[in-house]
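Subject: Structure for your files

Hello,

Here is the structure I promised, with the sequence alongside. My notes on it follow below.

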Amino acid sequence: VNVLALTFGDESCASSQYRIFQYRNELARRGIELEAQPANEFSDWRALADYDAVIIQKRLFSGRVVRRLRRGARRLIYDVDDAIWLPHGRSHHPFTRWRTERRLKAVCAAADLCLAANGLLNAKLADFSKNAQVLPMALDPKIWTRGDRSDREGLRVGWNGYPANLCYLEAIEDDLIRLLKTHDNVEIQVLCGARPAFKQGLKYTYIPFAPGRDSEAVRGFDIGLLPLPVDAFAAHKSPIKALQYMASGVVTVASPVGATLDLIEENRGGVFASKPGEWLSALDRLIVDAELRTRIGDAARKRFEDMFSLDATATELARLLTGLTETAPNRHNHSLT
């Protein structure tokens, strides 16, 4: 089976890395060859017929491009890990909302299979698709392993994320400052491609992001931070940092927002905080109770292994791809209007 993925970005893009690129070796071991290239660079329309299936990863193409892909591809798959159709940090003009919804409807109706990272996303795709299924976010447990924190002095409260999301960390600065005043053995660490802009001068250790080294840094955390805004876009996300913390046996303090609740269960992966003061309270409780940190960290790793391990999701993806490509294509049944 040969599959072409038209990706949202390259391997440095977390969305494309964790939805497409990390599966190449896993699928190859299962007899499926996966090639990938950024969707915005694709132009070889004749080559589509060389593949058993084509995956569109998160891009919302115009109806004209979708129709061209549908005509050329034997089987067409649409995959999303966030609500690309919703505004992120800005408002959408009414025309933009109409056009985006129209494009989403076109690609879902044209696809033989739609894959979503969580149930909220899947419910949206199912409005326009007759074959929408959940394929959860996943990580390789051989890369994302537990760290040894037994012989270390002090505690590390860490945040890992992209520069565009630093504003969510900055929003809980007051609680973090109060935390450091209460606990002089705590260090705040920020793993990112840019430094945060804390307004009150919060003391922290900056760890510059380096590809392939994030797992090592996260293993060094004792507690992971996952603050999120209360909006529709955040609600539809399955934050990969939640899985990174869980896989590393790190207790997460998270905002109880949308699909994040599918990843983390209270006291089985982390605890929740939703407003000022609650972050300080949750962190304080975890810092003073080493047994609680260990118990939740153990539960987090087990939950990750049981539900979000790359091997399990790769097996399911291979099953879906193989089953899809073994059926005879019938492109005339798709509505492309």
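Pro 163 is in contact with Cys 192, Gly 193 and Ala 194, leaving aside its neighbours within four places in sequence; contact here means heavy atoms within 4.5 Å. The residue sits in the loop between strand 7 and helix 6 (166-170). Helices (H or I, at least four residues) and strands (E, at least two) are DSSP runs, numbered from the N terminus. With 38% relative accessibility, Pro 163 counts as partly exposed; buried means under 20% relative accessible area, exposed over 50%, and partly exposed in between (1.4 Å probe, protein chains only). Between the C-alpha atoms of Pro 163 and Arg 195, which are 32 residues apart along the chain, the separation is 7.7 Å.

Before the rest, some conventions. This is a predicted model, in which local features need pLDDT of at least 70 and side-chain atom pairs count only at pLDDT 80 or more, while totals for chains, interfaces and linings use all residues. Residues are numbered from 1 along each chain as its sequence is written, and side-chain values use heavy atoms, with hydrogens and water left out.

An open sheet is formed by 7 strands in the order 9-8-7-10-11-13-12, with parallel pairing. Two strands pair if DSSP finds at least two bridges between them. Strand 9 (205-208) and strand 12 (265-266) are the edge strands, each pairing on one side only. Strand 8 (residues 186-192) pairs with strand 9 in the parallel sense over 4 bridges, and Gln 189 stands opposite Thr 205 in strand 9.

Helix 7 (residues 173-182) touches strand 7 (155-160), strand 8 and strand 10 (223-226), and its direction makes about 145° with that of strand 8. Helix 10 (residues 240-247) touches strand 7, strand 10 and strand 11 (251-254), and its direction makes about 150° with that of strand 7. Axes are lines fitted to C-alpha atoms, for helices over the stretch in contact, and angles run from 0 to 180 degrees between N-to-C directions.

Strand 11 is covered on both faces: Val 251 and Val 253 are buried on one side, Thr 252 and Ala 254 on the other. In a regular strand the side chains alternate between the two faces of the sheet. Strand 10 runs parallel to strand 11 and is joined to it by 4 bridges, with Gly 224 opposite Thr 252. Strand 11 also pairs with strand 13 (residues 269-272) in the parallel sense, over 3 bridges; there the bridge partner of Ala 254 is Phe 272.

Around strand 3

In strand 3 (residues 53-57), 5 of 5 residues are buried. Ala 53, Ile 55 and Gln 57 point one way, and Val 54 and Ile 56 the other. Strand 3 pairs in the parallel sense with strand 1 (residues 2-7) over 4 bridges, where Leu 4 stands opposite Val 54. Strand 3 pairs in the parallel sense with strand 4 (residues 76-80) as well, over 4 bridges, and the bridge partner of Ile 55 in strand 4 is Ile 77.

Strand 3, helix 3 (residues 63-72) and strand 4 make a right-handed β-α-β unit; right-handed means that, with the strands pointing away from the viewer, the path from the first strand over the helix to the second runs clockwise. The buried residues of helix 3 are Val 65, Val 66, Leu 69, Arg 70 and Gly 72, and they pack against strand 1, strand 3, strand 4 and helix 4 (94-110).

Two loop residues belong here. Lys 58, in the loop between strand 3 and helix 3, is buried, with a relative accessible area of 5%. Its phi is near 75°, a positive value in a residue other than glycine. Tyr 51, in the loop between strand 2 (33-38) and strand 3, is buried at 12% relative accessible area. Not counting residues up to four places away in sequence, Tyr 51 touches Asn 2, Val 3, Leu 4, Glu 35 and Arg 74.

Helices 12 and 13

Helix 12 (residues 278-288) and helix 13 (residues 290-307) pack at about 100°, with their axes 5 Å apart. They are therefore roughly perpendicular to each other; angles under 35 degrees count as roughly parallel, over 145 as roughly antiparallel, 65 to 115 as roughly perpendicular and the rest as oblique. Arg 285, Leu 286, Ile 287 and Val 288 in helix 12 meet Ala 290, Leu 292, Arg 293 and Ile 296 in helix 13.

Regards
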